[in-house]
Amino acid sequence: MNTAEILTECNKIFIDQLDNSSIVLKQETTASDVEEWDSLTHIQLIVAIEKHFKIRFTTAEIQGFKNVGEMCVAIEKKTNK
Amino acid sequence: MFLNACMEFKQVKANLKKDFTGFKKIKVAILADSATQYLAQAIRGVGYEKKLDIEIWEADYDSVDITVRDEGSELYRFKPDFVFLFLSSQKLKKKFYKTGSDINFADDQVIYLKEVVKNISSHIKTNFLLFNFPDVLDSVFGNFAGKVNSSFSYQVKKLNLELMNWVQKDASAYLIDLCGLQALYGASNAIDNRLYISSDVIFSIDFVVHVATNCVQVIDAFTGNSKKCLILDLDNTLWGGIIGDDGLENIQIGDLGIGKVYTEIQLWIKALKERGIILAVCSKNDEVNAREPFEKHPDMVLHSDDIAVFVANWSNKHDNIKYIQSVLNIGFDSMVFIDDNPFERNMVRTYLPDVCVPELPEDPVEYLLFLSKLNLFETNSYTEEDKDRTLLYKSEALRNEASRTYTSEADFLASLNMVSEVAAFDPFSIPRVSQLTQRSNQFNLRTKRYTEAEVKHMVSEKDRYVTFAFILADKYGSHGLIGVIILEKRNSNTLFVDTWIMSCRVLKRGMEQFMLNEIMAYARNNSFTEVLGEYIETKKNGMVKDHYRNFGFIEKSNLWFYDVSDYKPVDGYITKQ
């Protein structure tokens with residue numbers, strides 16, 4: 001799976017978890033761009049993404065993603081291992 | 001009602017946006033030593049499923065002591081119905097290591113927790129929900145820890161035992177069995193250490209829903225919504241195979257085939273019966289065939305005596321459940337129906353939506369674990385009388401049969417030789433009195449729910465309250481404590497009927513009249529001139545809508561008056577003991 005495909009999958013997860021169908025994720029999207037994405041829902045999103053891709057992020061990764069793109073890169077690395 | 005595996009956090013959260021209008025309002029305060037936002041969201045979200053509007057107030061993060069000691073604390077202004085006191089194993093372990101291995105650690109923790117509860121109780125009247133501490137295998141002593149009383153392993157287990165000993169004595173304190181829950185789902189599923197390290201959140205996002213569900217079930221039990229009756233299918237539910245086709249010697253129970261599964265289910269059901277859940281059978285079978293295993297199979301755990309109402313015929317199950325309901329006289333929403341057949345389950349759900357019908361897993365091997373996880377039979381009380389409940393309902397069935405042989409109701413009532421014992425509440429009756437206030441929905445004039453602690457408090461206020469507990473017995477046996485009256489002395493002239501409850505087991509026996517005679521006799525002997533009653537309508541107490549009118553009370557601005565001097569006692573068929 002490439003980064004673009006991962007982004008599309010993540011977009012679906014965001015829509016589902018945050019119950020907002022108008023969310024459009026881009027590589028540079030950050031938490032401040034999405035209304036419902038706060039520190040509480042962040043965990044919810046991370047857990048859903050982990051389940052979907054059958055991966056596990058480290059604590060440092062969870063706290064460190066600067067934007068959606070970085071997260072997708074991390075997912076790509078883990079899924080292609 | 002459709003019952004399935006637990007909800008996801010996402011669904012629970014979606015509930016938060018829904019309309020809670022008309023739901024029962026409950027106030028919960030959460031005091032914790034960790035971050036509880038998820039728990040709070042989950043509790044409110046799960047509450048929606050039970051039609052509860054749970055308003056939650058969270059104390060500031062890790063501020064239990066400050067909150068409790070602050071006289072002007074928001075906690076005391078909030079006046080919660082429940083205070084959740086959630087301290088975590090993680091923080092407990094930290095504390096233990098810091099204090100240095102201490103053989104008094106568990107005792108000190110209990111003293112500390114009791115102090116917190118006492119402090120809060122001195123400001124507000126509330127119920128406390130405590131959480132026990134899931135064991136953390138710290139491997140400091142390895143398995144040798146059991147031989148060392150200063151090990152964490154020993155101290156945490158001791159603490160959990162002491163917590164149970166405490167709540168058994170403190171009527172306002174209840175315990176959530178977090179240890180049991182964590183054992184059921186596994187520590188690795190229950191805890192996400194990343195959340196704990198980064199945000200001080202104890203439970204994983206999946207597990208927090210299970211914890212919240214149990215919290216809400218406890219709250220729900222306080223609102224009178226507990227399950228009282230378990231209705232059982234037989235073939236492939238209580239034993240493997242079909243009795244009518246396979247015959248007595250070939251059904252799977254005990255050692256035959258997967259019989260062990262059904263033995264274990266029956267043992268569980270028997271334990272529920274001993275606890276006070278009424279058992280009924282609803283099976284599509286010829287009655288003779290259906291009864292045979294109960295009477296003849298050596299491996300059956302359940303026997304005919306255990307079943308209060310036994311229905312086996314070829315009618316629709318929903319019609320049979322309606323019949324069972326009419327015999328037991330309890331609400332459909334207090335019934336659970338277990339059947340392996342999805343078709344029957346759906347039929348019952350369609351025709352009787354209030355009956356709880358768990359969606360069973362495909363493999364019978366998983367039935368018991370699945371049913372345990374649902375925690376269907378949460379309760380907030382347990383009395384000695386509960387053990388005999390099936391017996392009570394069985395003798396009721398005998399009475400029903402006898403009543404048919406008399407042409408007049410008066411003759412039948414006279415034949416019963418009814419005797420009633422009337423006494424003020426005492427330490428023995430208080431648990432049952434509280435239970436009646438919690439569970440009675442139909443013959444209940446004001447539906448005021450009182451915990452044991454509250455009942456005790458009312459008993460102690462002798463200048464303000466007078467209490468009556470009624471026990472009724474007849475030649476078929478005792479009904480137990482079936483009536484409760486609490487009178488409030490409004491002033492030197494007026495008695496207000498704060499609570500008037502009667503069990504529906506004794507409807508149409510003239511018990512209401514007997515109770516009224518007692519009220520009026522008390523009023524007269526103590527120089528009160530009027531008795532004042534009130535009917536507060538609920539969804540379920542329509543039966544007593546005209547209760548006061550029928551007894552000749554006069555309505556004045558939604559209250560009902562009776563001039564004591566006008567009252568002439570009416571004798572029925574009940575003798576006072």
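The model is predicted: local features need pLDDT of at least 70, side-chain atom pairs count only at pLDDT 80 or more, and totals for chains, interfaces and linings use all residues. Residues are numbered from 1 along each chain as its sequence is written, while chains are lettered from A and ligands numbered from 1 in the order in which they are written.

Chain B divides into domain 1 (2-222), domain 2 (229-374) and domain 3 (418-576). These bounds come from an automatic or database domain assignment. The centres of domain 2 and domain 3 of chain B, taken over C-alpha atoms, lie 37 Å apart.

Chain B holds an open sheet of 4 strands in the order S9-S8-S7-S10, with parallel pairing. Strands (E, at least two residues) and helices (H or I, at least four) are DSSP runs, numbered from the N terminus. Two strands pair if DSSP finds at least two bridges between them. Strands S9 (309-313) and S10 (335-338) of chain B are the edges, each pairing on one side only. From one strand to the next, the twist averages 15°. Strand S7 (residues 229-232) of chain B is joined to S10(B) by 4 bridges. B:Cys229 has B:Met335 in S10(B) as its bridge partner. Helix H15 (residues 317-328) of chain B packs on this sheet and touches S7, S8 (278-284), S9 and S10 of chain B. Its direction makes about 155° with that of S9(B). Angles run from 0 to 180 degrees between N-to-C directions, and axes are lines fitted to C-alpha atoms, for helices over the stretch in contact.

Helices H6 (residues 105-121) and H7 (residues 152-169) of chain B pack at about 40°, with axes 8 Å apart. H6(B) is therefore oblique to H7(B) (under 35 degrees counts as roughly parallel, over 145 as roughly antiparallel, 65 to 115 as roughly perpendicular, the rest as oblique). Their crossing is right-handed (the near helix is turned clockwise from the far one by less than a right angle; anticlockwise is left-handed). Among the residues that meet are B:Phe105 and B:Val110 in H6(B) and B:Leu159 and B:Trp166 in H7(B). Contact requires C-beta atoms, placed from the backbone, within 7 Å.

Helices H8 (residues 178-185) and H11 (residues 207-222) of chain B pack at about 140°, their axes 11 Å apart. H8(B) and H11(B) are therefore oblique to each other. Their crossing is right-handed. B:Leu178, B:Leu181 and B:Tyr185 of H8(B) make the contact with B:Phe207, B:His210, B:Val211 and B:Asn214 of H11(B).

Key
Two residues are in contact if their C-beta atoms, placed from the backbone, lie within 7 Å.
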